[in-house]
Amino acid sequence: MEKELCPKVAKCPLFNGTLLKVPGAEESYKNLFCKSGKQKWSTCKRYMTSEKVGKCSDWILPNCSLTLEQIVSKMKEKGELPL
Ligand code: SF4
C-alpha cells in the first residue's frame, strides 16, 4: 500500500523542486519524509514550522538540526515573522 503523502506537498517548494538548486537533491528528502507516511512527514521541520507559525522559510530543511523554538526565534531575527 502507498504511504500517505504529506498534506503540504502541493504548496511545498522543496517537494516541487524549486527550493534546492542541486538537481535531484530533493529526492532523498522526498523519500525520507514527504512520501514516507505520517510517522515521517510529521517530523519534517518544514512541516512542523508551517503547522506552528503558518509559514516556512526557504532556509529550513526537513532534517534541520534546530529545535522548533530555535527555528521560530531565527525567523523572527531575520524579520520573517513579527517579533
Ligand atoms: S514532508 Fe516537509 S518537505 Fe515534504 S512536502 Fe511535507 S513539508 Fe514539504
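Helix H1 (25-34) and helix H3 (45-53) each supply at least two residues of the shell around the ligand. The model is predicted. The ligand sits in the largest pocket. No disulfides turn up in a search of the whole structure.

**Ligand shell**

- The residues around the ligand are Cys 6, Val 9, Cys 12, Leu 14, Phe 15, Phe 33, Cys 34, Trp 41, Cys 44, Arg 46, Tyr 47 and Pro 62.
- By class, 11 of the shell residues are nonpolar and one is charged. The shell has no polar residues.
- Arg 46 and Tyr 47 belong to this shell, and both are also among the buried residues of H3.

**Cysteines**

- Cys 6 is one of the residues surrounding the ligand. Cys 6 counts as buried because its relative accessibility, 10%, falls under the 20% cut-off.
- Cys 64 is buried too, as its relative accessible area is 14%.
- The search for disulfides finds zero. Cys 64 is in none: the nearest cysteine sulfur belongs to Cys 56 and is 8.9 Å away.

**Helix H3 and its cover**

- H3 has these buried residues: Lys 45, Arg 46, Tyr 47, Thr 49 and Ser 50.
- Helix H2 (38-41) and helix H4 (68-77) are included in what covers them.
- An α-helix has 3.6 residues a turn, so residues three or four places apart point the same way.

**Leu 20, before H1**

- Leu 20 is found in the segment that precedes H1.
- Neighbours within four places in sequence aside, Leu 20 is in contact with Leu 14, Ala 25, Glu 26, Tyr 29 and Leu 61. Of these contacts, Leu 14 is also one of the residues around the ligand.
- Leu 20 and Asp 58 are 38 residues apart along the chain, and 9.0 Å separates their C-alpha atoms.

**Ser 73, in H4**

- Ser 73 lies in helix H4, which is part of the cover over the buried residues of H3.
- Ser 73 itself counts as partly exposed, because its relative accessibility of 38% lies between the 20% and 50% cut-offs.
- Ser 73 and Leu 83 are 10 residues apart in sequence, with 8.7 Å from C-alpha to C-alpha.

Definitions and conventions. Residues are numbered from 1 along each chain as its sequence is written. This is a predicted model: local features need pLDDT of at least 70, side-chain atom pairs count only at pLDDT 80 or more; totals for chains, interfaces and linings use all residues. Side-chain values use heavy atoms; hydrogens and water are left out. A disulfide is a pair of cysteine sulfur atoms within 2.5 Å. Buried means under 20% relative accessible area, exposed over 50%, partly exposed in between (1.4 Å probe, protein chains only). A residue is near a molecule or strand if one of its heavy atoms lies within 4 Å of it. On a 1 Å grid over the protein atoms alone, a cavity is a set of points where a 1.4 Å probe fits but cannot get out, and a pocket is an open set with protein on both sides within 12 Å along at least five of seven lines; lining residues have an atom within 4 Å of a point. A molecule sits in a cavity or pocket if more than half of its atoms lie within 2 Å of its grid points. Helices (H or I, at least four residues) and strands (E, at least two) are DSSP runs, numbered from the N terminus. Ala, Val, Leu, Ile, Met, Phe, Trp, Tyr, Cys and Pro count as nonpolar, Asp, Glu, Lys and Arg as charged, and the others, Gly among them, as polar. Contact means heavy atoms within 4.5 Å.
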